[in-house]
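Dear colleague,

Please find the structure below, followed by a short account of the findings.

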Amino acid sequence: MIEKRISHDIRRRRYTCVFLLAWLTVCCFFFTAVTTPVWAATVKSKYYTAERCALDLRKSPNLQKYRERWIRCIKKYLAVYRHDPHGPWAAAGIYNAGVMYGELYHHSYLESDRQESLDLLGRVVRHFPKSGYSAKAETAIDQMTGTAAKRIEPTPQRPSAAQWLDRARANDSRLEQKPALQKYRDQWIKSITAYRNAYQADPGGPLAPEAMYGMAGSYAGLYKWSRSEVDRNQSQKTLEDLVQQFPKSPYAEKARSDLAMKAPSSPYAASSDVISEILSSADSDTRTPVSVNPDSVSGDTAIVEGLRFWSNPRYTRVVIDANLDTIFTYHELREDPSLGKPQRIYIDVHNSRLSKDLQKVVPINDNLLSDARAGQYKSDTVRVVVDIKSSKTFKIFSLKNPFRIVLDVWGADTIETASNADTLPITIGDSNGKLPPSAIVKQLALGVRRIVIDPGHGGKDYGAPGYLKGIHEKKIVLQIGKRLAEKIRSQLNCDVVMTRDSDTFLSLEERTAIANTQGADLFISIHTNASPDKRAYGIETFILNLATDDEAIRVAARENATSLKNISDLDSILKDLMNNAKVSESTRLATYVQQGALNGLRKEYGNIRSKGVKKAPFYVLLGADMPSILIETSFISNPRECKRLTNGHYQDKLCQGIVDGIKRYIEETNPMALRKPGMEEDEG
């Protein structure tokens with residue numbers, strides 16, 4: 001009996017210990033859960049998992065040959081962002097994913113990988129401007145956009161494109177003769193690598209399309225055995241890149257046929273070559289083709305989304321908006337009284353469709369134009385017709401990001417008298433759109449009566465982020481613009497028009513249109529500079545022209561919100577739009593404003609550096625009728641200058657210097673222009 005009782009006590013104590021142990025375990029679990037943020041540990045662990053993946057890949061040149069290895073690490077970095085899109089690790093995840101796509105591009109030489117890299121890095125800049133990764137992303141973007149694919153000249157140690165292509169063909173033949181080898185991935189990679197090296201040796205050469213087509217075929221052959229979606233997607237992307245980069249090549253037509261069978265949903269699976277159709281059309285000799293780089297044109301169908309216009313009695317600007325880059329042609333039709341047809345200009349936007357929401361007829365009814373009408377002329381062509389009442393000359397050019405076509409129409413070469421010069425702009429043009437040498441002199445004889453101040457950016461366009469937290473270009477330049485307008489009104493007795501006086505978004509072409517339709521005598525666009533190098537500082541003033549150096553191209557690309565490559569496309573446009581008289585007057589104005597700003601600031605501040613007067617193709621200055629400049633007031637990315645730009649006293653001295661420069665320009669042009677009404681009587 002005693003033994004039974006002892007045994008029972010032992011079992012009871014054992015169960016009690018087990019219960020207490022379990023209870024303590026549960027308590028510890030809940031305590032850990034309360035005191036440790038689980039999400040933080042998870043996102044952190046995901047980031048370090050991605051880092052380990054990237055480190056292992058970068059250590060192994062052999063693994064770097066396989067695309068899926070890169071994609072695996074990229075997906076791990078993107079998983080960090082998706083886990084907490086607004087958290088502290090999000091920017092790091094996107095940035096590193098973008099960097100890895102850039103590294104992959106140097107192995108694949110596929111434009112799709114480069115674009116993926118630029119898109120991800122751009123998201124860091126746009127969505128995480130306060131993050132330390134923003135500056136890193138800007139630097140990476142500059143490096144990628146500034147490094148074009150260069151032809152690699154063959155040497156005794158480096159095979160040519162033809163030699164690499166021969167190797168790829170030989171390996172393909174070997175795989176056909178020995179089907180057993182097709183089971184092994186490395187055998188397909190030999191062909192893929194040889195085709196890729198052939199493309200890399202001469203990316204723009206005659207063998208490049210064949211190399212891309214062969215690479216796509218090798219990926220497709222590999223997919224039949226691997227059944228890996230990575231291989232299938234790579235084959236499709238290579239075919240799409242081929243169509244986009246070499247649209248007129250016979251291999252592009254083959255690529256379209258392959259895509260139509262294997263990926264019918266691909267936008268590149270077209271049955272005809274749009275560009276060839278345009279160039280070989282029966283009426284091509286009656287149209288004026290626009291110089292467009294075919295490599296920059298997307299293979300997708302563009303959607304024409306809008307028609308906009310600005311006008312006054314002597315000038316009208318019409319803008320056609322599309323969501324993608326495409327090719328367009330235009331032609332002027334003379335008036336035909338027998339058919340009751342007015343003079344008109346029609347613009348054919350190729351590889352495009354009309355948006356269902358577009359207003360198809362836009363009444364204008366000013367002195368120059370009746371209306372603008374849009375219609376689906378062909379299944380892949382939108383035609384916009386502008387009916388003309390009276391005009392002397394017109395110019396057409398395109399802008400990018402987003403793509404739009406700009407039509408500027410000027411009236412007859414009539415000079416208004418001084419009595420109504422405040423309400424009508426004075427524009428003189430011959431049949432070629434050139435200003436005669438005496439025109440600018442006659443205009444300036446009337447003095448500078450109206451100045452348009454254009455604070456850059458605004459609204460959804462924040463401009464460059466400042467070195468200081470929460471500071472953006474759009475806010476600083478609006479403050480400077482308002483101070484400048486006030487000083488001009490009080491000191492120069494000029495009318496001032498602000499393109500924006502609040503935090504609103506304006507397109508670049510709208511700003512110039514405001515200056516033209518308001519009859520401005522001077523146009524001054526205000527900006528702050530920025531650079532990935534935080535040490536960069538100084539003031540520089542630009543006029544519209546071909547860029548004089550790489551840094552000017554970079555500044556123009558940033559302010560135009562476009563790529564460095566697209567800037568070069570403006571050369572032909574500028575040669576058609578520029579005239580010597582306006583360049584000369586703009587240069588003089590820029591020189592005086594630059595000197596005035598420097599002198600005004602140096603009286604009270606040290607480290608004021610002049611970066612000079614430069615030339616660059618700024619969208620905002622395109623088509624301006626009057627002397628026009630763009631001033632980069634200081635570097636918002638520089639710690640010292642960012643702090644100064646937020647200071648009211650610094651802004652005041654800067655604006656006073658700009659006013660002094662404008663005053664010097666006006667006095668040199670017309671010494672009587674600044675005299676206020678009644679001064680002659682007072683002197684008598």
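Cys655 is buried, its relative accessible area being 0% (buried means under 20%, exposed over 50%, partly exposed in between, with a 1.4 Å probe and protein chains only). The model is predicted: local features need pLDDT of at least 70 and side-chain atom pairs count only at pLDDT 80 or more, while totals for chains, interfaces and linings use all residues. Residues are numbered from 1 along each chain as its sequence is written, and side-chain values use heavy atoms, with hydrogens and water left out.

Cys655 belongs to helix α21 (residues 648-669); helices are DSSP runs of H or I, at least four residues long, numbered from the N terminus. Not counting residues up to four places away in sequence, Cys655 touches Ile480, Arg483, Leu484 and Lys487, where contact means heavy atoms within 4.5 Å. Between Cys655 and Ile488 the C-alpha to C-alpha distance is 9.2 Å, although they are 167 residues apart in sequence.

Ile488 is also among the residues with the most contacts inside the largest nonpolar core, which has 45 residues; the others are Ile451, Ile453 and Ile662. A nonpolar core is a set of buried Ala, Val, Leu, Ile, Met, Phe, Trp, Tyr and Cys residues joined through side-chain atoms within 4.5 Å. Apart from this core lies another, of 31 residues, including Tyr47, Leu57, Ile94 and Val125.

Elsewhere, helices α4 (residues 90-108) and α6 (residues 132-145) pack at an angle of about 15°, with their axes 10 Å apart; axes are lines fitted to C-alpha atoms over the stretch in contact, and angles run from 0 to 180 degrees between N-to-C directions. Helix α4 is therefore roughly parallel to α6 (angles under 35 degrees).

Yours sincerely

Conventions. Helices (H or I, at least four residues) and strands (E, at least two) are DSSP runs, numbered from the N terminus. Angles under 35 degrees count as roughly parallel, over 145 as roughly antiparallel, 65 to 115 as roughly perpendicular and the rest as oblique.
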